[in-house]
Amino acid sequence: MKYWIGAAAVLVIAFLTALSGLNEYFFYAAFIVLQFMVLATAWNILGGYAGYVNFGTAAFFAIGAYAAVVLFKWLGAPLAVQIAFAALASGLLGFGVGLLTLRLRGIFFAIATVAIIFIMETMMVNWRYVGGATGLQLLRPDVMQPFTSYTRMLFVVMALLVVIAVSVARYVQISWIGRGLRAIRDSEEAAECSGVPTLKLKLFACTVSGALMGAAGAPMPMYLSFIEPASSFNLNYSVSALAMPMIGGTVHWMGPVIGALLLGSIQQIVTVTISSEINVLVIGVLLVLFVVFAPDGVLGLLKKLWPRRS
Amino acid sequence: MFFSFDLLFEAVLFGVLLGCFYAAVSIGLSVSFGLLDVPHVAHPAVMILGSYFTYVLAAYGLDPIVAGVLLMPVFFLLGILIYRFYYETFEKRGTEAAVRGLAFFFGLAFIIEVGLILGFGVDQRTVHAAYIGSSLSLGEYRIPYRMLVAFGVALVLTFSLSLYLSKTFTGRAIKAVAQDEPALRLMGANPVRIKQWAFGIATGVSALAGAMLIIVGPVEPAMDRLYIGRTFCVVVLAGLGSMTGTLAAGLILGIAESIVLMMTGASWAPAVAFGLLLVVLGIRPQGLFGR
């Protein structure tokens, strides 16, 4: 109950901020932070709970973005429909990736997901309808009332997606699904022998994680008024989506949220003040530092400070 | 689209040269990942690092191949350091740390890449030598000398490494560690020292492979992303840890890529390695010559 009150409060605050007279740039930056929050939370469902490292976040994200563009160009569909369709497309891709887990684990699975990024990117580069390698310019539709600008509206939409993603991740974590996934992470053979439906659970985790990543990608073309393969399928999305839960902590749904808030804000500040190359360096260095010195992330560190609170 | 055996022959010829080159850039990974089971996703990044060091040395007038050979001992030490660190932090702790070990190498690759961008910028870099830019004419076919150089070095590298692994004492110990580590431990050998040595060799070889890379074509920092596909494709296709298999798998990839390049143009070529990798992983993860 406490959680739902908190979630509702977050949404109301996001909505009111969007109506306030705050500087436009804030929404521009906050949108990206929220977007990474969805990606990190989605990554954690498979990577954190089940222990399958997915390097392919960029593929799911970009397929979501492209699905939204196709629907927009073809039917002029509204944003909500675009997001739903993007989640469907990336969810299907996730299901396909889930089938790979039948045979592949650990690094083999991780490398296979990298392969998916590049294969999908090549397909989009060769698909004229969505602009091929040069990309596609998009005309934003009129903004809906009561928002004063499109970026503000996208900010609220993304906040809603964060609440949805976190609620799903939280449900997975506290229900029997989460217990099953953790059993898979600890020992897949033992889990299978004890009657955990490992394949079903893995397929579920892959599909849900993929669908959420796709949903996060859907508003991106509208945000930029542009889509292009090289930046959409950028491996930087993958490393961020992996680093944020690792830094925040992978065992609890709070971990990715904390990680994304921390790292996403640092990234935005660094991009503005120094350069966008440095922000990838920051992710890399923090990721390595955390996996080496604080394997349980920020949550683990907090637990060490206050051992009594669990 | 037209088809002719002449063109096909040319594509296969070029594919063979390209394939040997791919084998050379993958052979280090074949040792570190294939034999030692280290999830070395940063292998292509380390190789690009070698390319840039070659570039720096070549700017002083050194021949790129000589530069590559000179860099080998330095990279050998670097490899020992990386493995030592990886072992102490992750491998020692068993499967629990496996996910973090993978994340560690992924992060390392990005650090190297951004480090190179900060040091050299995002522009492409090339080296100069007598054999770069000219080509050998064989009747109506033209073979660039730089490909022949890469071809020769690749063959030397592959055969000397497979000889080393099968004929010398340490080489056999490396193979033994890959086969049965506990048995080696029971016989009184220290598997960690052998693995550290092997990882050093793998990294040293990557320096020379990096020199080949910048001889064959211009190099940019973000190139490691593409080579994750090529190197892992070759190593997995070869069957983990087989040296002659690596050469064969390199040839398969090289010829496949060259034929696709001829038939459809450059835009589909990057997907060949990744597509092949995915097919192998899906159908036969133990590779063609698997142990």
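This is a predicted model: local features need pLDDT of at least 70, side-chain atom pairs count only at pLDDT 80 or more; totals for chains, interfaces and linings use all residues.
Figure 1. S225(A) sits in the loop that joins α10 (220-224) to β2 (226-227) of chain A. Its phi is positive, about 55°, although S225(A) is not a glycine.

**Figure 2. Chain A as a whole.** The fold of chain A comprises 15 helices and 2 strands. Its C-alpha trace spans about 55 × 45 × 40 Å along the principal axes. The radius of gyration of chain A is 19 Å, which agrees with the value near 19 Å for a compact globule of 310 residues. Of these 310 residues, 52% count as buried. Among contacts in chain A with a separation of 6 or more, 78% join residues 24 or more positions apart.

**Figure 3. The pair α6(A) and α9(A).** Helix α6 (residues 150-174) of chain A crosses α9(A) at roughly 170°, and the two axes come within 11 Å. The two helices are therefore roughly antiparallel to each other, since the angle is over 145 degrees. From α6(A), the residues L161(A), A165(A) and V168(A) take part in the contact. They meet V208(A), L212(A), A215(A) and A216(A) of α9(A). By class, this contact has 7 nonpolar, no polar and no charged residues.

**Figure 4. K200(A) in α9(A).** K200(A) belongs to helix α9 (residues 198-217) of chain A. K200(A) counts as exposed, with 12 C-beta neighbours inside 10 Å. R185(A) lies 15 residues from K200(A) along the chain, and their C-alpha atoms are separated by 14 Å.

**Figure 5. The side of chain B that touches chain A.** Here 31 residues of chain B are in contact with 34 residues of chain A. On chain B, the helices α4 (98-120), α9 (224-238) and α11 (269-283) each supply at least two residues of this side. The largest share, 14 residues, comes from α4(B). By class, this side of chain B divides into 23 nonpolar, 6 polar and 2 charged residues.

**Figure 6. Helix α5(B) and its buried residues.** α5(B) has 23 residues. From first C-alpha to last, α5(B) reaches 32 Å, close to the 33 Å expected at 1.5 Å a residue. The buried residues of α5(B) are R146(B), M147(B), A150(B), F151(B), V153(B), A154(B), L157(B), T158(B), L161(B) and L165(B). An α-helix has 3.6 residues a turn, so residues three or four places apart point the same way. The buried residues of α5(B) pack against several elements of chain B: α1 (5-35), α3 (64-89), β2 (141-144), α6 (169-179), α8 and α10.

**Figure 7. The pair α5(B) and α10(B).** Helix α5 (residues 145-167) and helix α10 (residues 243-264) of chain B pack at an angle of about 155°, with their axes 9 Å apart. α5(B) and α10(B) are therefore roughly antiparallel to each other. On α5(B), the contact residues are T158(B), L161(B), S162(B) and L165(B). On α10(B), they are M243(B), T244(B), T246(B) and L247(B). The residues of this contact divide into 4 nonpolar, 4 polar and no charged.

**Figure 8. Helix α8(B) and V216(B).** Helix α8 (residues 191-216) of chain B has 26 residues and reaches 37 Å from its first C-alpha to its last. That is close to the 38 Å expected at 1.5 Å a residue. α8(B) is mostly covered, with 22 of its 26 residues buried. V216(B) is part of this helix. V216(B) has 21 other C-beta atoms within 10 Å and is therefore buried, as 20 or more place a residue in that class. Leaving aside neighbours within four places in sequence, V216(B) is in contact with F21(B), R146(B), M147(B) and A150(B). V216(B) and A150(B) are 66 residues apart along the chain, and their C-alpha atoms are separated by 7.0 Å.

**Figure 9. D37(B), a partly exposed loop residue of chain B.** D37(B) lies in the loop between α1 and α2 (43-59) of chain B. Its phi is positive, about 60°, although D37(B) is not a glycine. D37(B) counts as partly exposed, with 18 C-beta neighbours inside 10 Å.

Technical notes. Residues are numbered from 1 along each chain as its sequence is written. Chains are lettered from A and ligands numbered from 1 in the order in which they are written. Helices (H or I, at least four residues) and strands (E, at least two) are DSSP runs, numbered from the N terminus. The expected span of a helix is 1.5 Å times one less than its number of residues. Two residues are in contact if their C-beta atoms, placed from the backbone, lie within 7 Å. Ala, Val, Leu, Ile, Met, Phe, Trp, Tyr, Cys and Pro count as nonpolar, Asp, Glu, Lys and Arg as charged, and the others, Gly among them, as polar. The radius of gyration is taken over C-alpha atoms; the globule rule is 2.2 Å times the number of residues to the power 0.38. Axes are lines fitted to C-alpha atoms, for helices over the stretch in contact, and angles run from 0 to 180 degrees between N-to-C directions. Angles under 35 degrees count as roughly parallel, over 145 as roughly antiparallel, 65 to 115 as roughly perpendicular and the rest as oblique.
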